Amino acid sequence: MRNLSILSAAPSASPTAAPSSGSSPQSRAPAVPRVVLFDACQVGTVFRVVLFVEAVVAVGAMFVATSPQEWLGLLATITGGALPGSLLWLILACSLKKLLARLPRLAQYSIGLLLGALSALYGCGLLRLTGVLPVAPWLASGLAGTLLAGVAITVLVLRARGRTPAATTARLEELQARIRPHFLFNTLNSAIALVREEPAKAETMLEDLAELFRRALADPNEAVTLADEIALAERYLAIEQVRFGERLRINWQIDPNASGAKLPPLLLQPLVENAVKHGVEPSPEGATLRIRTERRGGMVVIEVINSLPPLRWADEPLPRGHGIALANVRDRLRLLHDVQAQFRAGVDQGSYRVRIDIPAKS
């Protein structure tokens, strides 16, 4: 893990590159995206499918049972076949995820329904082999599995479709919270002041600003790596370093093993901007900003910590203005990682700490 303090601008790598002579945007054929209608590999999906099947079994058992004791016994009996069948459907659907993504929508639906029927027959066969069922209702089991798989697929597809408008709304709100007019004006004014005395530094600042806007206008539905987000945060802080000078003290604690974790694009930068706004701007002495990443087993921990003026953290548990940006970050993490992502934010001993836990591999 590297640990360093930065008191100067970030490296000035140019954000643009000349296109190769052998191809052009007009000559390249657009790539056909691979989209899977229902993703059974997510932990949240597993929970929802299992709970849904168990709820159906529980309600169905009520039509037959005449007492609570009989209902419990019948529920346990049917669960002995329904639960293995549900898990088999999830395993098969997850294993075939890449294959399904290459198929048309109708084929994906058909395979999902077929897997539901086969999984239900598997569960029925288990009950028959163990002697729980004297006669195996093969046809009824296959039809029930097809029906349950159809409902589950429909719910998952609707949920996946619902991600698009939600991500778009979060995107628009996040842009308003991040690229505010005063930030743009302050950056341009700082660059103008440097043009005559330090033209190279002014050029670097404008390149960093251009990269921020380029990323802001990129496809919001594409996940990026934590390393990309760290690099963009460095550019942003390089701009702010020119504005605040020694008032902005930055400490990086970056674990290279965590750099491959997936994040929604432009997730880290609003958190860093909030830290500068609420930690550095209101304090004549400035503030210390610490950005830390660490891989812990199969999870990655990301923390953005900024010191607060004494009166602010003592009297105001939640600094004003954090709500919108933090809510956007929380929602976008949930859309990408579902229940596997955790988000916490609050005042901790004179500092404001934002902590994110995400899977190391998606």
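I note first the convention for directions: angles under 35 degrees count as roughly parallel, over 145 as roughly antiparallel, 65 to 115 as roughly perpendicular and the rest as oblique. I am working on a predicted model, in which local features need pLDDT of at least 70 and side-chain atom pairs count only at pLDDT 80 or more, while totals for chains, interfaces and linings use all residues. Residues are numbered from 1 along each chain as its sequence is written, and side-chain values use heavy atoms, with hydrogens and water left out.

**Entry: the chain.** I looked up the elements and found eleven helices and eight strands in the protein chain, where helices (H or I, at least four residues) and strands (E, at least two) are DSSP runs numbered from the N terminus. Of the 362 residues, 41% are buried, that is, under 20% relative accessible area with a 1.4 Å probe and protein chains only. Taking contact as heavy atoms within 4.5 Å, I found that residues 24 or more positions apart account for 75% of the contacts with a separation of 6 or more.

**Entry: α1 and α2.** I checked helix α1 (residues 43-62) against helix α2 (residues 68-95), and their axes come within 9 Å and cross at roughly 150 degrees; axes are lines fitted to C-alpha atoms, for helices over the stretch in contact, and angles run from 0 to 180 degrees between N-to-C directions. The two helices α1 and α2 are therefore roughly antiparallel to each other. Among the residues that meet are Val 49, Val 53 and Val 57 in α1 and Leu 75, Ile 78 and Trp 89 in α2. By class, this contact of α1 with α2 has 17 nonpolar, three polar and one charged residues, with Ala, Val, Leu, Ile, Met, Phe, Trp, Tyr, Cys and Pro counted as nonpolar, Asp, Glu, Lys and Arg as charged, and the others, Gly among them, as polar.

**Entry: the cores.** I then looked up the nonpolar cores, each a set of buried Ala, Val, Leu, Ile, Met, Phe, Trp, Tyr and Cys residues joined through side-chain atoms within 4.5 Å. The largest has 46 residues, and those with the most contacts inside it are Leu 237, Leu 289, Leu 333, Ile 356 and Ile 358. Helix α8 (residues 226-244) gives the most to this core, with eight residues. A second, separate core of 19 residues includes Val 49, Val 57, Leu 75 and Trp 89.

**Entry: α8 and α9.** I found α8 packed with helix α9 (residues 268-280) at an angle of about 25 degrees, their axes 9 Å apart, which makes α8 roughly parallel to α9. Leu 237 in α8 is one of the residues at this contact, and Val 272 in α9 is another.

Terms used
Buried means under 20% relative accessible area, exposed over 50%, partly exposed in between (1.4 Å probe, protein chains only).
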